[in-house]
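Let's walk through this fold together, going from the overall layout to a few individual residues. Keep the viewer open as you read.

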Amino acid sequence: MRSTRFVVSAAVLGALALPLVSASTASAAPSHAPATALSSQCDRLGPWVIGTKAVTIRSKASTKSTAVGVLYKGQKFTVHKTSGNWHYITDKNTGVTGWVSGTYVYRTVYTCIDI
């Protein structure tokens, strides 16, 4: 959960700093980088991450279903589909497939601020 707070804090601090930038500096764009290239980079979602120390992989999209594995923070995994607040994943280390709660697994969001 700390990484979520950091991302929000960085975005808020960045937004607060914008009025301090002069209008001529903020509106100037480098001649070699078109504005559309910058916006396409800022609109994309990042990789899936685990927002806690570990999350249980379950056989069904329910907290009462059988546990089939564990994903630890920093482990690589693939999300195949989403149902409600549950994601069907494959652990890239072990090959285990199952459901994890979206409360603990989410996409990294990139924030771009023109200065």
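A residue is called buried here when its relative accessible area is under 20%, exposed when over 50%, and partly exposed in between, using a 1.4 Å probe and protein chains only. You are looking at a predicted model, where local features need pLDDT of at least 70, side-chain atom pairs count only at pLDDT 80 or more, and totals for chains, interfaces and linings use all residues. Residues are numbered from 1 along each chain as its sequence is written, and side-chain values use heavy atoms, with hydrogens and water left out.

Start with the overall layout. The protein contains 3 helices and 7 strands, taking helices as DSSP runs of H or I with at least four residues and strands as E runs with at least two, numbered from the N terminus. Along the sequence they come in the order α-α-α-β-β-β-β-β-β-β. Of its 115 residues, 22% count as buried. Turning to contacts (heavy atoms within 4.5 Å), 47% of those between residues at least 6 apart in sequence join residues at least 24 apart.

Now look inside. In soluble globular proteins, nonpolar side chains tend to be buried together. The largest nonpolar core here has 9 residues: Ile50, Val55, Ile57, Leu71, Phe77, Val79, Ile89, Val100 and Val105. Strands β2 (54-58) and β4 (77-83) each supply at least two residues of this core. Such a core is a set of buried Ala, Val, Leu, Ile, Met, Phe, Trp, Tyr and Cys residues joined through side-chain atoms within 4.5 Å. For a view from one member, valine 55 touches Ile50, Gly69, Val70, Leu71, Val100, Tyr104 and Val105, leaving aside neighbours within four places in sequence.

Next, find histidine 87 in strand β5 (residues 86-91). Is histidine 87 buried or exposed? Histidine 87 counts as buried because its relative accessibility is 8%. Its side chain makes a polar contact with the side chain of threonine 82 at 2.9 Å; that term means a pair of N or O atoms within 3.5 Å where, within protein, one must be able to donate a hydrogen and the other to accept it, and residues adjacent in sequence count only if both atoms are side-chain atoms. Not counting residues up to four places away in sequence, the residues touching histidine 87 include Trp48, Val79, Trp99 and Val105.

Finish at threonine 111, in the segment after β7 (105-109). Threonine 111 has 48% relative accessibility, so it counts as partly exposed.
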